[in-house]
Protein chains: 2
Amino acid sequence: MKRLALLAAFLATPLWAEDLVATGDLGLVIERATGSLVLVDRSDRAALGRIEGLGDLSHASLTYSPDERFAYVFGRDGGLTKVDILTRQVVARTVQAGNSIGGAISDDGKLVAVSNYEPGGVKVFDAQTLELVADIPAAGKTIGLVDVPGRRFAWTIWDTGEVFLGDFSGAEPVITPLGNAGKNPFDAVLTDDAHTYLVGLFGEKGVTSFDLWDPAPKPQKFLTDYGKDGEDMPVYKMPHLQGWAFTEGQYALPAVGRHEILWVDRASEKTVATTPVHGQPVFIIAQPASPYVWVNFATPLNDTVQVVDSRTHEVVATLSPGKAVLHMEFAPRGAEVWISSRDDNKVLIYDTRTREKVAEIAAEAPSGIFFTARAHQTGL
Amino acid sequence: MKRLALLAAFLATPLWAEDLVATGDLGLVIERATGSLVLVDRSDRAALGRIEGLGDLSHASLTYSPDERFAYVFGRDGGLTKVDILTRQVVARTVQAGNSIGGAISDDGKLVAVSNYEPGGVKVFDAQTLELVADIPAAGKTIGLVDVPGRRFAWTIWDTGEVFLGDFSGAEPVITPLGNAGKNPFDAVLTDDAHTYLVGLFGEKGVTSFDLWDPAPKPQKFLTDYGKDGEDMPVYKMPHLQGWAFTEGQYALPAVGRHEILWVDRASEKTVATTPVHGQPVFIIAQPASPYVWVNFATPLNDTVQVVDSRTHEVVATLSPGKAVLHMEFAPRGAEVWISSRDDNKVLIYDTRTREKVAEIAAEAPSGIFFTARAHQTGL
């Protein structure tokens, strides 16, 4: 009878209203050293729990299902892991290559594509089951994989400079070569309107753009002579292009090997300004609904974040959030930015209006921070 | 014992994994005649249930909490209703004015503001409890209320043309007049980067813009002489500006009283093209991640939707989805558009790539369609 009373009491608790969780303001922080994720709540500025068993996350990223329930985590060990953030469990995992560097989900949420280094190429999986749907080999390492509307993906090959557009909307994939971007493209990114695919070059100066609204996109090179009057430094960390900012009709681009941000007019692809900054930029990310971009830097100058005004191209703030700042993620409407400090084992939360720290969350060697709002953004 | 067995069986069912619902791909459809909402699932293209008791929804809109769990519904009867889409229940309701026309939620999700006609003004409520936080009277009907980053709102007065910016981040609200927009502003909208507040005028030709990135925004009028060579028709339905499209560095604006879309360069505010269309535009909405805008029309030409290319400014498709098309809502990454046909009692789902109908959902006299992804967008 005591047991029955307990059960009845359990059933009588208002389970549904209290324990239901909506997913719109959640996020995952990658703990790079321990192969785990911290589930966070943006509104409460709190960690909700830890999810473990994701393999080697020393260089990892993830993307979300359209319902903001499942995360697809791309690990350096070639592992593709599907995580349910409601039950906080790994629900599927496949080690699909020897070394992978990122992935994307199709606009309808049905397919997950992974870009691989070893062996090179793109593998496409059913988002529900993680069954292999298509295997597109390549003559080298795949970089800059992005989702393109119409159940398509675009990607680039480091070794050959080739760029491809893959259409997975029919019974068989249709892979179209878009031409050559240049020597050793190191990353690529899609503008938020899915108009321009930008490929950054490491083997030569320049950035190559492709107009994906054009039925037959062609490579167009720009920024081919930046920094010709100065001397380049060794590159301590390859910049990430997913953070390339698009604001005020401009691209804010990292000058590879230099302490500079390059501002390029989107329409003309001409350089309009150069901003000297604290170090070699890694991520340059636009603060949503504002004129500002925030920049972090390569080692050994990675304890600093700077804020630059896209109208004047001047640094308006220099912050020292912590040791080894690896990533920044904005609340989707821009009120806060979350900054990971790997060597302080913390995520720092800054108010973007006062630029003051308002909270912090403990995490083991945090790197990437990913809010679920990314589910609704093309190219992320 | 039989009861105990039933309870045990109930507890043994895998309640959590099966019945948990994430909110990222949900939406609400307003049933204008019955004062009810249909909860829909975008991924399943399905209605999940109906929520009733929302009063007069004959001209209603809504906005979402940052976690995509709660909807704040603004009814014509002055009712502000908070709906929990997880439990599918009305959790709070206040009739806060005699006649209201819309509202917005602050960027941090803490405050909900309502714009009122009778009496005119803005009332601000605690988003959690719906307790009144601030009451800002006005010398007329309030229109064009939008959220601005930094816990601020902007709004405009129909009768006087005055525009205000209200800052609710401190202990007391700070209300700043921004100047006069012109004669009888009928609606206003904020660009997605929160840069420009655009006010459409009915009492005179023109649109007035305010640069909200400027510490002291000033009115700047443009489009003051459109259609000067033709004759205007009676306005059958006031266009909605929330649908004003921003694409390819242009605004796509409705020519009030005319069968035209006006294309204005964002930077120069000069007219670059005019597109003759089927009727008087009501909503002009950009298809995300594409060069296209979709347009619906005022009665009696409201059985038609046209698609216009923002590069060529030409109509590329004319569709006849159903009788009395009142609204269109895109999947956030643009793969589908949902169209409400009031007099067919249906919501029609179109694939944006093929522009063919892929599904439909029954609804009683549907008007506005609102997907939860709006929670993450400034100005919506």
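Among the contacts in chain A between residues at least 6 apart in sequence, 41% join residues at least 24 apart, a contact being defined by heavy atoms within 4.5 Å. The model is predicted, and local features therefore need pLDDT of at least 70, while side-chain atom pairs count only at pLDDT 80 or more and totals for chains, interfaces and linings use all residues. Residues are numbered from 1 along each chain as its sequence is written, chains are lettered from A and ligands numbered from 1 in the order in which they are written, and side-chain values use heavy atoms, with hydrogens and water left out.

The secondary structure of chain A comprises two helices and 32 strands, taken as DSSP runs numbered from the N terminus (helices, H or I, at least four residues; strands, E, at least two). Along its principal axes, the C-alpha trace of chain A spans about 85 × 50 × 30 Å. The radius of gyration of chain A is 21 Å, in agreement with the value near 21 Å for a compact globule of 380 residues; this radius is taken over C-alpha atoms, and the globule rule is 2.2 Å times the number of residues to the power 0.38. Of the 380 residues of chain A, 59% count as buried (under 20% relative accessible area, with exposed over 50% and partly exposed in between; 1.4 Å probe, protein chains only).

The same surface serves both copies, since 100% of the contact residues of chain A recur in chain B.

Most residues other than glycine have a negative phi, and most peptide bonds are trans. In chain A, a cis peptide bond with omega of about 5° joins Thr299(A) and Pro300(A), and Pro300(A) is placed in the loop between strand E25 (292-297) and strand E26 (305-309). In chain B, the peptide bond from Glu118(B) to Pro119(B) is cis, with omega near -10°, and Pro119(B) lies in the loop between strand E9 (111-118) and strand E10 (120-126). His313(B), which is not a glycine, has a positive phi of about 60°; His313(B) is located in the loop between strand E26 (305-309) and strand E27 (315-319) of chain B and is buried, with a relative accessible area of 16%.
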